[in-house]
Amino acid sequence: MNLMRLASAMDLVAWRGFVYTVFILHFVFVCQLLLLQPLVSALDGKSSSSVDLFERVAQSIKVKRYSEAINDLNAAIEADPTLSEAYRHRASVLRQLCRYEESEKSYKSFLGMKPGNSAAEKELSQLYQAQSALNSAINLFNSGDTTKSLDFIDKVVLVFSPACSQAKILKVKLLLAAKDFSGAISETGFILKEDENNLEALLLRGRAYYYLADHDVAIRHFQKGLRLDPEHSELKKAYFALKNLLKKTKSAEDNANKGKLRVAVEDYKGALALDASHIAHNVHLHLGLCKVLVKLGRGKDAVRSCTEALDIDGELLEALVQRGEAKLLTEDWEGAVADLKAAAEKSPQDMSIRESLLKAEKSSKLSQRKDWYKILGVSKTASVSEIKKAYKKLALQWHPDKNVDNREEAEAKFREIAAAYEVLGDEEKRTRYDSGEDLEDMGMGGGSGGGGFNPFGGGGQQFTFHFEGGFPGGGFGGFQF
């Protein structure tokens, strides 16, 4: 019995030892879990969080949220100043934004931790190239060399700093200076897509539409900018200048339509004086002014205004027609025919142009006739007695017997004077001449016969001059008056 009790007691001790051993082992395992796991997590978490950070930064850059990317990188560097890649990523973002001084500091911080890193050194070199190119572009723009300046922006700055707002705005200014208004509209569209409230982009885009004479769209851009900043000086200046131009233009057109031609002339001139560089609008102002001047009979001024319009747009048909009409007023017959013929070729179905051309051709033909009125020195409204008096005076002056020293010249003059009188002294012939018939030879061939010719009729003192060959029917002969 005692032996059985002893065995039982020994089994109990052994069991208790086994249980205690198992407890100790579990305790150690639990301690390992509780104490080592935070350390492992801390070591692995640093790498894991960095990956997440850079992925988030990359995504922000992809959607052009550069401020968010920089804020994330700044926070990471503040939490762990030894995180070298954060410096490099921040430097790259700042370089793209052309914040060159900040970018340079970040690159140098990274290279201080990772000296000799070839990729970072290359990016730093690109930063210096972009910075230098931007400064050169600005200087060239200020000096008026837009072509070279645009080359620096496109080929260097925006290659290494594609998110550089300053370079993008400068590019738009260069496009405007080069009169590439469509290009300026396209570039500002990209800027406003990223930042719809960019005041400078709104101003420049409005100016581009303005110079294309799309004034309604220009006004909308200026108004949007002024709603964002009512005191923006450049937007206010552009907006009110355009409103004034439109007001002046409307006043000129209204006065022209009402027949207030002289007032319209002053309005057109006032509108043209507002912006000489606004050629897309000024071409119509020049044309409107030309038309009013033609109506006023101011041919020389009208020719000048229509020429201004054609210098801007050589295909402007109405300006060509109006200049032809203006040249008729200045008696530039050949010039009128040339302009109207060119207009007729551009619009062969326009009968009004063809009528104007026929009128110009007739005037040109008439201009080539001898002007009998001018030869006798009388007006086209001169009476018969005034014509006879002028003829008598000139016949005495140029009679060959009175001009022995210059007989040939006198004979030619006298023959011309006699021809003029034979046309203008005859009511029927004068009427036909005034209607446009070519009667140049009538004065020489329509005399009273081969013997004598008395242009003044009977009575009065008689003068007898003798010419060889007879006058006026068959050359010089006896002539008496």
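Is Lys327 buried or exposed? I found Lys327 buried, with a relative accessible area of 13%; here buried means under 20%, exposed over 50%, and partly exposed in between, with a 1.4 Å probe and protein chains only.

The model is a predicted one, in which local features need pLDDT of at least 70 and side-chain atom pairs count only at pLDDT 80 or more, whereas totals for chains, interfaces and linings use all residues. Residues are numbered from 1 along each chain as its sequence is written, and side-chain values use heavy atoms, with hydrogens and water left out.

**Entry 1: salt bridges**

I took a salt bridge as a side-chain nitrogen of Lys or Arg within 4 Å of a carboxyl oxygen of Asp or Glu. The structure holds 22 salt bridges.

I looked up the partner of Lys327 and found Asp339, at 3.1 Å from N to O. This pair links distant parts of the chain, twelve residues apart, with Asp339 in helix α16 (residues 333-346) and Lys327 in helix α15 (residues 317-329). Helices are DSSP runs of H or I with at least four residues, numbered from the N terminus. Asp339 also counts as buried, at 6% relative accessibility.

I then examined Lys173 and Glu200, whose side chains meet in a salt bridge of 3.2 Å, N to O. Lys173 belongs to helix α7 (residues 165-177) and Glu200 to helix α9, so the pair ties together parts that are 27 residues apart in sequence. Lys173 is partly exposed at 29% relative accessible area, and Glu200 is partly exposed at 34%.

Arg407 and Asp401 form a further salt bridge, at 3.5 Å from N to O. I noted Arg407 as partly exposed, at 32%, and Asp401 as partly exposed, at 35%. Salt bridges with shared partners also join Asp154, Lys171 and Glu187 into one network.

**Entry 2: helix α2**

Which residues of α2 are buried? I listed Tyr66, Ala69, Ile70, Leu73, Ala76 and Ile77. They cover an arc of only 125° around the axis, which puts them on the same side of α2; the arc is that of the directions from the helix axis to the C-beta atoms. On the other side of α2, Ser67, Glu78 and Ala79 are exposed.

**Entry 3: pockets**

I used a 1 Å grid over the protein atoms alone, on which a pocket is an open set of points where a 1.4 Å probe fits, with protein on both sides within 12 Å along at least five of seven lines; lining residues have an atom within 4 Å of a point. A volume is the space filled by probe spheres set on the points, which are joined across faces, edges and corners.

The largest pocket holds about 500 Å³ of space. Its lining has 16 residues, with Trp333, Leu366, Ser367, Arg369 and Lys380 nearest the centre. Helix α17 gives the largest share of this lining, five residues. I counted the lining as four nonpolar, three polar and nine charged residues, where Asp, Glu, Lys and Arg are charged, Ala, Val, Leu, Ile, Met, Phe, Trp, Tyr, Cys and Pro nonpolar, and the others, Gly among them, polar.

The second largest pocket has a volume of about 300 Å³. α11 gives the most to its lining, with seven residues.

How values were computed:
Helix = DSSP H or I, 4+ residues; strand = E, 2+ residues; numbered from the N terminus.
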